[in-house]
Structures are given as C-alpha cells and as structure tokens.
Amino acid sequence: MKNFFRKLSLIILFFGFLSNSFAAEKVEYLKTDWSFKGLFGKFDRAALQRGYQVYTEVCSSCHSMKYLSYRNLAEKGGPEFTEDQAKAIAASFEVKDGPNEDGEMFTRPGKLSDKFVMPYENVKAAQAANGGAYPPDMSVLVKARGGGVDYIYSLLQGYEEPPAGITLDDGVYYNKYMYGNKIKMANQLSDGLVEYADGTNASVEQMSKDVTTFLMWAAEPHLESRHRMGFKAIVYLIILTILVYFSMKRIWSRVETEV
Amino acid sequence: MTDKKTNRRDFLFTATYAVGAVGVGATIWPMIDQMNPDASVKALASTEVDVSAVNPGKTITVLWRGKPVFIRRRTQDEIAEARAVKLEELKHPETDEDRAKNPEWLVMLGVCTHLGCVPLDQKGDYNGWFCPCHGSHYDISGRIRKGPAPTNMEIPKYEFVNTNTIKIG
Amino acid sequence: MSDHEYTPKSKVGKWFNDRLPLLTLANHLTDYPTPKNLNYWWTFGGILTFCLITQIVTGLVLAMHYIAHADMAFDSVEHIMRDVNYGWLIRYIHANGASMFFLAVYIHIFRSLFYGSYKAPREIIWIIGIIIYLLMMAAAFMGYVLPWGQMSFWGATVITNLFSAIPLVGEGIVTWLWGGYSVDNPTLTRFFTLHYLIPFLILGLVVLHIWALHVPGNNNPVGIDVKKPSKDTVPFHPYIVIKDGFALLMFMIVFAFFVFYTPNILGHADNYIEADPLVTPAHIVPEWYLLPFYAILRSVPDKLLGVVAMLSAIFILAALPWLDTSKIRSAVFRPLYRQFYWILVADVLILGYVGAMPAEGLYLLIARVATAYYFLHFLVILPVLGFKEKTLPIPLSITEPVLGGSPNLATAKKREFK
C-alpha cells in the first residue's frame, strides 16, 4: 500500500507541476497578503466596501460589471452593506426600464434587483469611446487573467516611463506587468484620488489592494462559503476514511491476505 | 469470539454506516435545493404598480412572480354588495373587510384555486369572476361561491406606498 | 454469469426471479469471486464508475440551468455560478470531475498495461475500454465548448478543423460539423446535444465492459488464471466493496481539495473571457488530459499526417492484445518489459509536458523523439520482446509458491512496481 501511494503522489505531483507550467511567461508580480487565500480565507469587509467605492468612483466610468446586481452588495460573504445602504446605492443610479403602457422606455431609480448600470450601451460604443479598445467587463476579470489578483494588483501600480528605445503611439501607455507592456488604459490611480468613507489613507497601493479585493469577490462571490464547506467536507471525508479503513481491516482479517 | 468483541465490531460497522449515510444526505441536498427559486428570482419578489389611471369599475391585471394579479377599483355598489354577503352563505368564510383593507381597491392573485387557470372578469352568477376551465364562480370580493374551487382567490401581501402606488410582495 | 445457480428463499422472490432474474444478477454481483491479491491499482474501476455517475448527475443538474445559445451560454454559466442554489458547487464538481475522471482512467489504463490485463481472454474488455476512452475524450471536448469562453470557441475551431485534413471531402465535413461557415450557434447546440448523449453511451459500454470482465474474471498482479471460487478468491461483497470504498474515499479527498480550494487551476483563464470570433488567445492549449495527443499532432509537420499520427496513437491501443506477443501477462515476471513499461510512462508524461509548451525549438525536437518512441514501443519493442525476453518462473497459484522454490509470492509481491 505504501508503494502504491508513493507512486500515486508522484503522479499527482507531476500533474501539479504540469498545470503550473501553463502560466507560460513568468513575471514577478507584486505581492501582498490577501485575506481570502488559504483554507479559511475570508474577505476583508472594509476592504470590499472601499474597493466598491474605488470601482464606482474610478473604474465604472469605463468598465462594466454586468453580472453583478445591487442586491449582491448586501449579500452574505460580500461587502455586506446593510440592506438600506444597498438600496440607497441602487437608488443613486438611473436605470433604463420599459416599455411602459405608451411603448416608451423610461428611466427610474435603481432597485436592489437591478444589475450594475453599464457605462456604455454595448461593446461597440465602449470601443468608440476608448480609441478602439474595449475596457473589459470586470465581473470575472480576476479569473480571466493568468496571474489573477496579483496580476491586477501589480498592473494598477505598474505604470512607468517607457524604457529607452520603446516608442508609444498616442493613447498607449507603458506598464511593466501588462502582457507586451503596452496598455491602452492610462494610469488611473494617484494618491488621495478617492476620499475613503472610513478615513483610510487612499494611497495608490491601498486603492489597488482594495479594488482588487473587490474584483476577487465579484468573480467568486461564494468564495467564503466554498472555503467553509470545503473544510467541513474534507474533515468529514477523513473521518469516514478512517472508519472505513478499520472496517476494511476487520473484514479482511477473515482471510490471510494483507490490505 | 467473546461477546465484547462482537459488540465492538458491530459498533465499528454501525458507526461507518451512520457516518456514510450522513455524507450521502449532505451530498443529495444541493442537488435538490438547486431546483428551488434562485437568488435572482427571489430578488424580483416585489413589484410596484401605478394605479392612478384606473377608474372605478375597472380592473387591471399586472404580472407578479409570473402570475396575474387583479387590481380592481370597485364602485360603491360593488362594495355594498360584497359587504352585504353573510358569512354562512360562503364556502370559505372570509369577510370583505378582511380581504380589502381599503374597500375601494381589491388586490388579489388572479389564479383560480381549483387548478390554476385565470378567471374571467365580470362573468359568472355572482357578478365577480368566472373560471372557464371548470366553472368556478367568484363574487365581487373574489370569494368562491359555486363550482369546484375549494377556497377564495388569494390576497397577496401588498401595501399602498402612496395613494397612487401599490407595492405587491 | 451462467456458471451460477441461485434460488431466492422467499416465494415472492422466486416468483419475480423466474420472470426477471434480477435477484440472480444481484447475487452474482455480490458473490462474484475476485482474486484476493488485487492491489490498490485495481480499485480504479470502482472509482471510474463513481466518476461517471458524478458527471451524469451533476451534468443533468447543470443542464436544468444552462442555456445552449451563443448569446446566452456564457451568461447562463455565470448565472449558475452566482445565483443558482449551490450552483457554484455543482459546476466546480462537474468541471473538476472531468479531470479526475481522466486521472483515474489513465491510472486504470496503465495498470492494465503493467499487468497485461488486455491479453487473452480479455481482449474484448480492453477494446470496449478503448472505445469508452475515445467517447470520454469526445464528451470532455464538447463539454469544454459549452461555457462559450475564448478557449471553448478556439478549441472547437482548432479541433473541428482537424477534419479539414481529410483529402477532397474535408472542407465539406467541417462545414457540416459547424452547420455554418464558422463555429457558431448551430455548432454549440449540436455539441450540447451530443455532450448530453455520450455519457449514456459510455454507461451502456461500461455495462458491457463489466459483463465481459465477469466472463473470465479479474486478472491479478501475478497474472495467472485463478480457479474460482477457490481459496485464491474472495466474494466481491464485502471484501472488494469495502476496499474499493476505502480507495474511493482517498480519491474523493483529492477531488474535494480541487473543488473547494483550487477549482480553476486545471482550467484556463482565457475561458472566463466570453468567446470572440475576432481574437484568438495567445496560447491555445487543450485540457491537460489531451496534451500527449496534442503533442503528437504538432510534432508532425504535415497537416494530414499529423492528424493520422494522433489518431493512430489511440487506435494502436486497440491492436495491443496482438502486438504484445508475450504469453506472460504480469510485468512482475517480465524483467525487460517492466523497464520498457516505465520508459513508456515517462514518454507519455514527456509528451504531455511538451504538449503544453510552444511547438518550437527544443520542445519540438523532444516531441518528435517522444512521438517516435511511442510508436516504436507498440510496433517494434512489444512484438520483439515477446520472443526475446527471458521471463521469470510464474507461480502455480496466487497462494502456492512456485515449483522449484525460487520466486514465491512474497518476492513476487515485493517486485511489483519496482
């Protein structure tokens, strides 16, 4: 049996190594301590709320988040705004609705069940307004980038003067973490850009961390319950495995073969 | 083999079975619960309706949770008729005062309690609604008077946000 | 199943069993004499059954919420992940379940290769197994298309374009597969239909696979025929059931770790970007379980021959019972084969690795050597080895030592997988 598990773990290790090698180009991203990593990882509520503030005040003028609804802001495991706060947030947006009895579209204040209002009508409009580049929807952005949170976090702080020999077209910027180093989004963050409601100092680093945390939650809204359930499931499986192991020993003791 | 040994073995197997059964149950639950209304459906649980354009004697039908809701602005005659009915005449005794807090407005689920068809407005023997599917007659308070339906048409949870707006749900 | 007389004790049972012998079947399955020296590599058959059922159940549930339409597929997957009760759990089980299924099937196949389980009289079991494996690849590929992300779309484009390598009719076949002039909504809906169908075909084949197994009975690590029932065998229930159950639980712990803690590690980030027919992702790689074949495909510089090489790599397995000329089943008694076996394992792993790497420079060279060796193993080494190899004496039975004394079961056991 020992032999068997040694072989098996070797195979599993190999596949782990293989999947690791998928991330083809290795760039050293900036590191920070994410509260949501690890077996018991949870989101930092305050960071999520601040991150939402950065998103609305900075990102949302170009980037949509079409899979999120205002109700999500009050749901468990997220920023956990109170229901009234979330309602007030929703109501501060004009939502297009209709058609009414006269067959016309109209706007009304947002409700909890509404999706986040999009900055542009459609992809084409977004491209037209941004020099041909579509600002990607940010609902699952963290999962759609190989480097995940570290990549987003680094990118937001990765703007630099281009090294000698690299010329940039109009509307193109140099970012040392971007794939190919050329990015069509200008540097958006500067110290003190937003005024945090909780008084936290809004440094570029702080804002990058907060908004990345917010994006992680947006991409994995059930991360906390996943971690909780996972721990319970694995503990349960280990207990059952032990019970079954001893039952097996007991049963096989009737024949003279080792298991 | 002594009795003690047998007991211990029984305990081991029983414990294994019991723990295993718990796991099977816990695994089945998500597969069942996924068919319940999801978070986006639950979020749509309330609807606001503007009733300023509804004249006395008219009914509008709005959609709430995928079902029709009748909102009828009743005339004085209709209110008087509904309130005059004695409870003992009713198959499912409910007073009109309980069904229409604001007597002018009757807000109810437009679903026949028999098998779920939508009754027709101002039809039937009681001046109220008539279900064409199996012939249930409802009065002007939406109470069952004749036919196979077992209960009165249901009153949903609703409130007047202001004089012109009703919030259902 | 015919070597078995069984009469139910109760009158009702007898009445029913005379009309539909389900009780005879159940009795056959519980009493089925199994070699008692099966090691843990033999538990993967049961694990695979578990994987198949898990995929069918979770897939059925996902199909209740998924919308097979190019405009809505991606949205509906996000809807499952966000709003459906436990939707995230069910989808992650299904997505990682595919990988776990392949992990188990590869171990199952390589176990068979080591212990010669494909040899007479078990050729039909083996060939059915290869068909199941092919169907699994088809199901996995089509399933990967359904979320309609970038990898879905471009994977579908690349794989369906393989058919264009067929001379004369190739282009026509590809258009027919697509139902249009590119991968689009008609392609998605037909892939969904087939993805739903194939698991049930697999289920049917699994029944045949097990039926065919129960005729000669299990092979075993020693690789000799066992008399059944005898003191060499144990009844399937409870002995094998509990052992398979134990192994399955260990497997589930690994599975659970993937589902709950690294649910996206085996997938590709680009698949969280909605399909865009105008932009191809920078690196197109199939899922890990298809990488060795992908490497073989890319190692041949000709389009048609590349496809032929890739398909041959799979179909050559069906001819294995006849390519391997040795009469001895288990590698335990074949010292040379044992070494070539491990070289083949390494070769396939290397192919998998270079399949994930860009097809250029050194990687391409390694892929070519590894591809050549793969075919060499099956077409030259195995047939020749059967005649040249000096095998060790095999024991008469699982429990009895070898005639003449030398390697008995204990030493044979020690030699397994060394």
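Predicted model: local features only at pLDDT ≥ 70, side-chain atom pairs only at ≥ 80, totals over all residues.
**Two interfaces of chain C**

Let me begin with the pair formed by chain A and chain C, which bury about 5100 Å² between them, with 74% of that on carbon and sulfur atoms; buried area here is the accessible area, taken with a 1.4 Å probe, that two parts lose on being put together, summed over both. Residues are numbered from 1 along each chain as its sequence is written, chains are lettered from A and ligands numbered from 1 in the order in which they are written, and side-chain values use heavy atoms, with hydrogens and water left out.

Staying with chain A and chain C, 56 residues of chain A are in contact with 56 residues of chain C, where contact means heavy atoms within 4.5 Å. The rule finds two salt bridges across this interface, a salt bridge being a side-chain nitrogen of Lys or Arg within 4 Å of a carboxyl oxygen of Asp or Glu. One of them joins C:E274 to A:K66, whose closest N and O atoms are 3.4 Å apart.

Which elements of chain A give two or more residues to the side that touches chain C? They are α1 (2-20), α6 (204-219) and α7 (223-252), helices being DSSP runs of H or I with at least four residues, numbered from the N terminus. The largest share of that side, 18 residues, comes from α7(A). By class, the side of chain A that touches chain C has 34 nonpolar, 13 polar and nine charged residues; Ala, Val, Leu, Ile, Met, Phe, Trp, Tyr, Cys and Pro count as nonpolar, Asp, Glu, Lys and Arg as charged, and the others, Gly among them, as polar.

Now let me turn to chain C and chain B. Here twelve residues of chain C are in contact with twelve residues of chain B, and the area buried between the two chains is about 1000 Å², of which carbon and sulfur atoms give 63%. On the side of chain C, the residues C:D83, C:N85 and C:Y86 supply 48% of the area that this chain buries against chain B, more than any other three residues. How many salt bridges does the rule find across the interface of chain C and chain B? The count is zero.
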